[in-house]
Amino acid sequence: MATGTGTASTSGTASTSGNGAGAGAAAGLGTALGTGRALAGGGRLRRTLLAALVAAAVAVPITAAASPKVPAPAPATFAEDATPRSRYAANSASIAEAVRMAEGADRPGRAAGLRAMGAGGAGQFLTFDGRGKGRAVEVFGELESADRVAVLVPGSDTTLDTYERFRAGALSLQQRLRAEHPRSAVVAWLGYDTPGTVSTTVLTAARADEAAAELAPFLDRLGAMAEPGARLSLLCHSYGSVVCARTGTGTGSAVSDMVLFGSPGTGAGSARELPTGARVWAGRGNGDWIGNVPHVRIGGIGFGTDPVDPAFGALAFTAGDVGHSDYLKPGTASLDSLAAIVLGTTAPASEADHA
């Protein structure tokens, strides 16, 4: 159970840096919500308006188009005790084969993306599956000697076709960690089929429940791959925070901190309800349009209490003025805060820090 308390960073500012479309959608639908409340409170119209509001507000402004079917090799299989190095080698070969198959199927966009992932065999992939939207779990740093490990869990529309932006954030975090603590590693966990931003799946926790069933055992295996006694942190962005909130990391887990950022909510009413023994943190940038999302939950639709609301009970971290997709950009206050949480060198932000 989460035991920390604090006042989390909030935002009422319209977003910038390409996030304005999301802010506009959230603001416009906020008016619709007010109309719905005025009409037949609790009736079908209000529920429909609320569902529409959550659907539009949770959606990331830039939507990835659905990928055409691309041929790819079956993912490599490994013994439970396979070393990270053996996994890296096998998955590097799988990525190279997936590039060839994508080129043969006249899918130059997917081929180019996979080629960038492969990077001449230098990528360190614990998992790779090039079928459909794809899955990939990549390590940055020396996992086997790391005593600080951050696991990034992405939100909607993160696929092999949009992987580069996810990877850029992971690399930025690793560089920031390494500057202060060389024995650190970052794991970019695209281990589930993320929901589309304009879809019914992004409205509910169904996809998150499926992902949590994959993430929990992965974290157990990851702890065994890193330095004995390594400190693990879950960094959960946007819909990824719904995934983390459903992932069991209770007694005996190596996960020390769960960080929710750019979150639409978790489906839980408070941090104490989450199935974790880790400290739970929450923060949001002043430029993040998701701050305008109405935190409602009706009939399984929506995600309820805002994690940065003091009533949720999460520890606060300073996020600064970042937009929804900017938390891991170099030089930002949010990146500094996230790195400090991973390294265990931070204290919760005070209310004055983000007034």
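Student: Which residue in β7 does Leu-260 stand opposite, and why do β6 and β7 count as paired strands?

Tutor: Leu-260 stands opposite Ala-282 in β7. Strands are DSSP runs of E with at least two residues, and helices runs of H or I with at least four, numbered from the N terminus; two strands pair if DSSP finds at least two bridges between them.

Student: Why is strand β6 described as largely enclosed, and how does the chain reach β6 from β5?

Tutor: A residue is buried when its relative accessible area is under 20%, exposed over 50% and partly exposed in between (1.4 Å probe, protein chains only). In strand β6 (residues 255–261), six of the seven residues are buried, so the rest of the structure largely encloses this strand. Strand β5 (residues 231–237) pairs with β6 in the parallel sense over six bridges, and Leu-232 has Val-255 as its bridge partner in β6. The path from β5 to β6 leads through helix α7 (residues 239–245), and this β-α-β crossover is right-handed, meaning that, with the strands pointing away from the viewer, the path from the first strand over the helix to the second runs clockwise.

Student: What makes β4 a largely enclosed strand, and which strands pair with β4?

Tutor: Seven of the seven residues of β4 (residues 184–190) are buried, so this strand too is largely enclosed by the rest of the structure. Ser-184, Val-186, Ala-188 and Leu-190 point one way, whereas Ala-185, Val-187 and Trp-189 point the other way, and all are buried. Strand β2 (residues 135–141) pairs with β4 in the antiparallel sense over six bridges, and Val-137 has Trp-189 as its bridge partner. Strand β3 (residues 148–153) runs parallel to β4 and is joined to it by five bridges, with Val-149 partnered by Ala-185. Helix α5 (residues 163–180) makes a right-handed β-α-β unit with β3 and β4.

Student: What makes a set of residues a nonpolar core, and which members touch the most others in the largest one?

Tutor: Such a core is a set of buried Ala, Val, Leu, Ile, Met, Phe, Trp, Tyr and Cys residues joined through side-chain atoms within 4.5 Å. The largest has 42 residues, and among those touching the most other members are Val-153, Trp-189 and Leu-234. Elements giving two or more residues to this core include β4, β6 and α6 (206–225), and α6 provides the largest share, seven residues. A second, separate core has 36 residues, including Phe-261 and Tyr-327.

Student: How confident is the prediction for the chain, and what is the pLDDT over residues 1–7?

Tutor: The chain averages a pLDDT of 82, and 75% of the residues score at least 70. Over residues 1–7 the pLDDT is below 50, although this stretch has 25 contacts (heavy atoms within 4.5 Å) beyond near neighbours in sequence in the model.

Terms used:
Residues are numbered from 1 along each chain as its sequence is written. This is a predicted model: local features need pLDDT of at least 70, side-chain atom pairs count only at pLDDT 80 or more; totals for chains, interfaces and linings use all residues. Side-chain values use heavy atoms; hydrogens and water are left out. pLDDT is the predictor's confidence in each residue, from 0 to 100.
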